[in-house]
Amino acid sequence: MNDNINITVKLFAQYRENRFKVEQRIYPCGTTPKNIMDELGISEHKLPLGVLMINSKHQKEEYILKEGDILALFPKVGGG
Amino acid sequence: MADKIYRVNMSNLSFKIEDVPADWMGLGGRGLTSTIVSAEIDPECHALGPNNKIVFAPGLLSGTSAANSGRNSCGAKSPLTGGIKESNVGGTVAGVMAKLGVKALIIEGIPEDDSTFYHLHVSKNSVEITAVPELIGKDNYFVLDTMEEKYNKKVAVMTIGRPGEMKMLVSNISVRDPKGKLRSHGRGGLGAVMGSKKIKCITVDAQSYKEVSYADSDKFKAASKVFTKALQENPISGEGLPAFGTNVLVNIINEAGGLPTQNFRSGNSANAEAICGETMAENIQQRGGSTTHGCHAGCVIQCSQTYNDKDGNYLTSGFEYEMIWAFGANLGISDLDQIAKIDALMDDLGLDAIEMGVCLGLAVDAGILKYGDGEEAYRLIKEEIANGTPIGRILGSGTGNLGKIYGLVRVPVVKNQAIPAYEPRAIKGQGITYVTTPMGADHTAGYAVATNILNSGGFVDPLKKDGQVELARNLQIASAAVDSTGMCIFVAFPALDDPACLPALIDMLNARFGISLTGDDVVNLGSNILKIERAFNIKAGLTSADDRIPEFMKYETLPPHNVTWDFTNEEIDEFWNF
C-alpha cells in the first residue's frame, strides 16, 4: 500500500513521561508533525514545543512527512 | 566603608589594602579581572613566572539578595593558551568577598624559597599568609576538611590539588560550594598559575563581613522579584535544568549531529541514550540522590545534582554535560556510573574536565588507551597524572601538547585549548565563538548553541554560515557583560526570550549602586571587555592566524551531515569589526 508511511518518532525530556522514548509508527500520507503532536497530547503539554527535528535538521510543525523520516520532539531544553 | 583592593605579594609574603582606582569603580567580575590583568600584567611574561598575577573579583551583584548572583571571576595570563584567561565559578567565595568589601584580590610575585606552599586567609582588612607544609601533596577534599576544621563550615575555600602543585596545564582552581562539594575555575590552567605562586589554598572568612548596602533598597527588591520570576517561569531555567541538569543536552546535540564523538570523528554517539540527562534523572530517581543542587547561595535554577551508585552510595555531584560528553561520547565510555567515578576523582584532584576528556580522547589516537576503557582512563588520572609520572606529565600538559609529542594531526584545540562539547562543523555559530573568543575554545564565551540548536533567541541554521558571525559577536558581548554582574550564564536563557529579564537585571545594578545604566551601556561594557581582552592577546603575540579552527576540520567531513568547516579567514576576521 502506498497510502501509509513509516515514521520513527523520538521523544525527549518531559515528553517521555507516560509516553515512550522511540517508536516506529505508521501514518497516512500527508501527515505532519503537528498531527502527531496532537495525537500524542504534546500540543497540549504544559511545556510547549522547543525544538522539532526531522532527520537531524530543524523543521516546522507543518512539514509534510515522508516515508522513513525520523521525527524528534523536544520541549525547551538548555544547558552548557 | 567603600570597597577596597586587597593585594598580596608572594615575593615577600606581604599584603596591602588599596583604594579602588576611579576607572575600576563601575566594574566587577570579568570586567574587573580582565581590566586588571590588562593593566598590570606584561602580556609577554611567562604565565608561570614572577610577572604573572592572579586576580579574583566578585560580580557587581554578588553578595546581594539577587538570584543567581554568586559567580566569582578569576583572571590571569593562561599558561595553556598564552593569552588572557577569565574563568568564573559558583561556590561561596563571591558572596563573602563582596560582603567583606573586597572589590578584587590581586596576587603577584613568587616566593624566593619555593620549598613550601602557603595558605592565604582573607578576612576584614587582613590577609594572613601561612606556610602549610602539611597540605603539600594533598588533594582538594582533604584541604576542604582541614579548613572547615580550622575555621567553620561556612568558610569559603579555593584550592588546588596535586596537579596544580605540579603546574600542570590541565589543573584548575577548585572552590567549595554551599554543600561542601567542589566547583571549579575550570579552564586555561589557572591551577598551575596558583601553584606557580606556591599557594595551596585561599580561604575567605564568612563571619567578619557586613551585608552589602543598596542605594535604593525598595527598587532593588522590586527588580529582584521580577528577575527571579523570569528565571523561574522560563521553561529552560525553571523546568528543564532543575529536572535533568545540563546533561539534558546530550540527546538534543546528538540528534542535531553535533555531539563530538571519538575525538571529533562523528557528530553522533551510540552511547547517547546510556549517558543522557534523561537516563541520569531516572537513575537518581531510583537510587536516591537529588536532581537539584545549587552551586551557590541564592541559585533558583539548581541545575546541579547529587548522583549515587546502584547501592545508593554517593558518587558525585555537579555532574555536568561537558564532562559526561567528554568521557561518554568523545572517549566512548558507556557506563554513566564509571563516568561519575572519574568526575569525583577529577574534582578531588582539580582537573579541567573538558581539557582532560578531550586529551584522553586524543590519547586513543596516540595508542595510550582504547575507546570506552573507563578503567584505564580512571587509572591514568589517579596513578599517572596525580603522581606526576612521565606519561602523567604528558597527559597533564593538555590536548595540544599531547598532539605535538605524538605527532598527531587531528588535534581539536583553538589557541591550544581543547574544543568543548559542540562540533564546530555542525554547529557553526559555536565554531565562530571558539575561534574568535580571546579565551581559546570556550563554549561559555558566546553560547551560539542556544540559537543554532535550542531555538533560544530565535533560530540561525547551524549548518549554514549565514548570520553566524553576527550571532557569535552579539552573544560574546552579552556574555562578557553578564560575566561582570556575577550572574550565572544560564540567566541568558530567560534574557534571550523574556523581555522583562534584562531590564530587571539592569534595574538591580542601578538600585544597588545608585547609577542609571541603560541597555546600551551594558552592551558597551561587554564590547569594551572583549576589546581589552583581544588587545592583551595581540600584545602577547596571538594574531588573527590564531583565530582559526584545526585544519583537519576543513578537509575532513563530519557525519551525519557530512559537513566541513567552510568559513574563509576574511569571514572570521569580520567578527572584530565592531
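Let me start with a term. A residue counts as buried if 20 or more other C-beta atoms lie within 10 Å of its own, as exposed if 12 or fewer do, and as partly exposed in between, with C-beta atoms placed from the backbone. By that count, buried residues make up 61% of the 578 residues in chain B. In chain A, they make up 32% of the 80 residues.

Now the ground rules. This is a predicted model: local features need pLDDT of at least 70, side-chain atom pairs count only at pLDDT 80 or more, and totals for chains, interfaces and linings use all residues. Residues are numbered from 1 along each chain as its sequence is written, while chains are lettered from A and ligands numbered from 1 in the order in which they are written.

Chain A next. It has one helix and five strands. Helices (H or I, at least four residues) and strands (E, at least two) are DSSP runs, numbered from the N terminus. From the N terminus on, the order in chain A is β-β-α-β-β-β. The radius of gyration of chain A is 12 Å, close to the 12 Å that the globule rule gives for 80 residues, so chain A is as compact as a globular protein of that length. That radius is taken over C-alpha atoms, and the globule rule is 2.2 Å times the number of residues to the power 0.38. Along the principal axes, the C-alpha atoms of chain A fill a box of roughly 45 × 25 × 20 Å.

Contacts, then. Two residues are in contact if their C-beta atoms, placed from the backbone, lie within 7 Å. Take the contacts in chain A with a separation of 6 or more: 64% are between residues 24 or more positions apart. For chain B, the corresponding figure is 72%.

How many residues does each chain give to the contact between them? Chain A gives 18 and chain B gives 30. On the chain A side, the elements that give two or more residues are β3 (49-54) and β5 (70-75) of chain A. That side divides into nine nonpolar, seven polar and two charged residues. Here Ala, Val, Leu, Ile, Met, Phe, Trp, Tyr, Cys and Pro count as nonpolar, Asp, Glu, Lys and Arg as charged, and the others, Gly among them, as polar.

On to chain B. Its secondary structure comes to 24 helices and 17 strands. The radius of gyration of chain B is 22 Å, close to the 25 Å from the globule rule for 578 residues, so chain B is as compact as a globular protein of that length. Its C-alpha trace spans about 60 × 55 × 50 Å along the principal axes.

First sheet. Six strands of chain B form an open sheet with mixed pairing, in the order β8-β7-β12-β9-β10-β11. Two strands pair if DSSP finds at least two bridges between them. The edge strands are β8 (126-131) and β11 (182-185) of chain B, each pairing on one side only. The twist averages 20° from one strand to the next. Axes are lines fitted to C-alpha atoms, for helices over the stretch in contact, and angles run from 0 to 180 degrees between N-to-C directions.

Look at strand β9 of chain B, residues 156-159. Which of its residues are buried? Ala156(B) and Met158(B) on one side, and Val157(B) and Thr159(B) on the other, are all buried. Four bridges join β9(B) to β12(B), residues 199-204, antiparallel. Two bridges join β9(B) to β10(B), residues 173-176, also antiparallel. Thr159(B) has Cys201(B) as its bridge partner in β12(B), and it stands opposite Ser174(B) in β10(B).

Three strands of chain B, ordered β13-β14-β15, form an open sheet with antiparallel pairing. β13 (290-293) and β15 (314-317) of chain B are at the edges with a single partner strand each, so one side of each is left without a neighbour in the sheet. Three bridges join β14(B), residues 304-308, to β15(B). Asn308(B) has Tyr314(B) as its bridge partner in β15(B). Helix α12 of chain B, residues 336-349, lies across β14 and β15 of chain B, at about 65° to β15(B).

Last, a helix pair. The axes of α1(B), residues 29-40, and α19(B), residues 468-485, come within 4 Å and cross at roughly 95°. That makes the two roughly perpendicular, a label for 65 to 115 degrees; under 35 counts as roughly parallel, over 145 as roughly antiparallel and the rest as oblique. Gly29(B), Arg30(B) and Gly31(B) of α1(B) make the contact with Ala480(B), Asp483(B), Ser484(B) and Thr485(B) of α19(B). Those residues divide into one nonpolar, four polar and two charged.
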